[in-house]
Amino acid sequence: MKEKQNKKKISKVLMSFLLLFLPVIQLAVGENAAFAATEPAITSISPTAGPTTGGTTVTLTGTNLSGATAVTFGATAATGFTVNSATQITATAPAGSGTVDVRVTTAGGTSATSAADQYTFIAAPTITSISPTAGPTT
């Protein structure tokens, strides 16, 4: 009989403890901390450059990439992407210009920017003149 009473007392003490400290724990780590997915991270991309017209297949390597819902090159969505594994995504670069951060969005959030995720769009060269304009025919 005493054992049952002791178990009830212990249960009440534990419940009181949880009720007292749960709000403090939630403030410290966030309300949804126990249910939060881990934020994705990109550790490298290959290749790191392609034409401004887009269409380059880019391999993103990182962590927590499973369940990706979006891949962006700067503010522009990739024209398509495939999640190959929790550590790799293959994406098709959209048309763009300049150097941009490639980011991945999952349920855990959006990857932070870093030097490892930068992609540069390279303009095709243009010919503005030819000199000489004529040469020998033989």
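**View 1. Pairing of strands E3 and E7 in the predicted model.** Strand E3 and strand E7 (residues 88-92) pair in the antiparallel sense over five bridges. Within this pairing, Leu60 has Ile89 in E7 as its bridge partner. Helices (H or I, at least four residues) and strands (E, at least two) are DSSP runs, numbered from the N terminus. Two strands pair if DSSP finds at least two bridges between them. This is a predicted model in which local features need pLDDT of at least 70 and side-chain atom pairs count only at pLDDT 80 or more, while totals for chains, interfaces and linings use all residues. Residues are numbered from 1 along each chain as its sequence is written, and side-chain values use heavy atoms, with hydrogens and water left out.

**View 2. The open sheet E1-E3-E7-E6.** Four strands form this open sheet, in the order E1-E3-E7-E6, with antiparallel pairing. E1 and strand E6 (80-85) are at the edges and have a single partner strand each, so one side of each is left without a neighbour in the sheet. From one strand to the next, the twist averages 25° (axes are lines fitted to C-alpha atoms, for helices over the stretch in contact, and angles run from 0 to 180 degrees between N-to-C directions). Strands of a sheet pair through backbone hydrogen bonds, either parallel or antiparallel.

View 3. Strand E4 (residues 70-73) pairs with strand E8 (residues 98-106) in the antiparallel sense over four bridges, and Val71 stands opposite Val104 in E8. E8 is also joined to strand E10 (residues 118-122) by four bridges, and these two strands run antiparallel. Here the bridge partner of Val100 is Tyr119 in E10. Two bridges join E8 to strand E9 (residues 109-110), again antiparallel, with Thr110 in E9 as the bridge partner of Thr105. E8 and E9 form a hairpin, with two residues between them.

View 4. A search of the whole structure finds two aromatic pairs. The rings of Phe73 and Tyr119 have centres 5.3 Å apart and planes at 85°, so this pair is edge-to-face. The pair links distant parts of the chain, with Phe73 in strand E4 and Tyr119 in strand E10, 46 residues apart. For Tyr119 and Phe121, the ring centres are 5.0 Å apart and the planes are at 80°, so this pair is edge-to-face. Rings of Phe, Tyr and Trp (its six-membered ring) pair if their centres lie within 6.5 Å; planes under 30 degrees apart count as stacked, over 60 as edge-to-face and the rest as tilted. Phe73, Tyr119 and Phe121 form one aromatic cluster. Phe73 and Tyr119 are both buried, and Phe121 is buried too (buried means under 20% relative accessible area, exposed over 50%, partly exposed in between, with a 1.4 Å probe and protein chains only).

**View 5. Thr56 and its surroundings.** Thr56 is in the loop between strand E2 (49-51) and strand E3 (57-63). Thr56 is buried, with a relative accessible area of 15%. Its side chain makes a polar contact with the side chain of Tyr119 (3.5 Å). A polar contact is a pair of N or O atoms within 3.5 Å; within protein, one must be able to donate a hydrogen and the other to accept it, and residues adjacent in sequence count only if both atoms are side-chain atoms. Leaving aside neighbours within four places in sequence, the residues in contact with Thr56 include Pro47, Ala91 and Tyr119 (contact means heavy atoms within 4.5 Å).

View 6. The peptide bond from Ser46 to Pro47 is cis, with omega near -5°, and Pro47 lies in the loop between strand E1 (41-46) and E2. Ser131 and Pro132 are joined by a cis peptide bond with omega about 0°; Pro132 belongs to the segment after E10. Asn64, in the loop between E3 and E4, has phi near 60°, a positive value in a residue other than glycine. Asn64 is partly exposed, with a relative accessible area of 35%. Most residues other than glycine have a negative phi, and most peptide bonds are trans.
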